[in-house]
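Hi,

Here is the structure I promised to pass on.

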Amino acid sequence: TSNWVLDPDWSASGLIGFISDATIDGSLILWLMASPYGVPEPAASAQTEDHIEGLSLSVDGTLAAYTARTTGENGVKHTYVALRDLSDGVAYVLYDEKTGVFDPAIAPDSQRVAVAMRSEQGTSDIWLVARADSSTIRVTDGAQAVKPFWSPDGRWLGYLRAVENHFEAWCVPVDGTTIGEPRRLFRYQNLDGTSRPSWTFK
């Protein structure tokens, strides 16, 4: 029987994480490797979560953010973003909206998490969520944006944007609570909306 390995992320600390269903019951859980030569081990978890995906590790390798699924009062499932302490496995809901929150990306300073949030009209945009109090700052407006990704210094936030029948990579400067003007990085006809670009130091 083959297993899925999804959404890998490699922290600057050297920690590698991914989501896999290599479990007895086939559930998707978080796995960690201490190094490329390490043996994958299930991450500590103090709770049961339904179908996690979209992993983002903090720079220091102490936190994991991911998308999880829950069922609302009306029986309809939607996604929220959870933040887990990797030392004890305790996770909490960072942000939850019935329309769906997904694609988390932890900022380099670990104080904020960029997420994609869907509106009631079905448009997805990028928001910043503070770890301290879950307060939010809107980054895009009506952009059909997903898959946020940070520059290593935290001064820029990139994302993918659906334009006509393809995706483009865009970015905005971020200075505290101030979001600058968006600019297009590149467009590519075969760019997949499920991909998350990576931003490295020059």
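Ser56 sits in strand 5, which covers residues 50-57 (strands are DSSP runs of E with at least two residues, helices are runs of H or I with at least four, both numbered from the N terminus). Before going on: this is a predicted model, where local features need pLDDT of at least 70 and side-chain atom pairs count only at pLDDT 80 or more, while totals for chains, interfaces and linings use all residues. Residues are numbered from 1 along each chain as its sequence is written, and side-chain values use heavy atoms, with hydrogens and water left out.

Back to Ser56: its relative accessibility is 6%, so it counts as buried (buried means under 20% relative accessible area, exposed over 50%, partly exposed in between, with a 1.4 Å probe and protein chains only). Its side chain reaches the backbone nitrogen of Ile106 at 2.9 Å. Ile106 also turns up among the contacts of Ser56 beyond four places in sequence, together with Asp9, Leu63, Ala64, Ala65, Pro104 and Ala105 (contact means heavy atoms within 4.5 Å).

Ile106 belongs to strand 9 (residues 101-106), and Asp103 is found there too. Asp103 is not a glycine, yet has a positive phi of about 55°. Is Asp103 buried or exposed? It is buried, because its relative accessible area is 8%.

Glu164 has a positive phi of about 55° as well, and is not a glycine either. This one lies in the loop between strand 14 and strand 15 (166-175). At 74% relative accessibility, Glu164 counts as exposed.

Strand 14 (residues 156-163) holds Leu157, which is buried with a relative accessible area of 0%. Leaving out residues up to four places away in sequence, Leu157 touches a list of residues including Trp150, Trp170, Phe149, Cys171 and Val172. Thr23 is 134 residues away along the chain from Leu157, and their C-alpha atoms are separated by 35 Å.

Now the chain as a whole. How many helices and strands does it have? It has zero helices and 17 strands. Of its 202 residues, 43% count as buried. The C-alpha atoms fill a box of roughly 45 × 45 × 35 Å along the principal axes. Among contacts between residues at least 6 apart in sequence, 33% join residues at least 24 apart.

Have a look and write back with any questions.

Best wishes

Terms used
A polar contact is a pair of N or O atoms within 3.5 Å; within protein, one must be able to donate a hydrogen and the other to accept it, and residues adjacent in sequence count only if both atoms are side-chain atoms.
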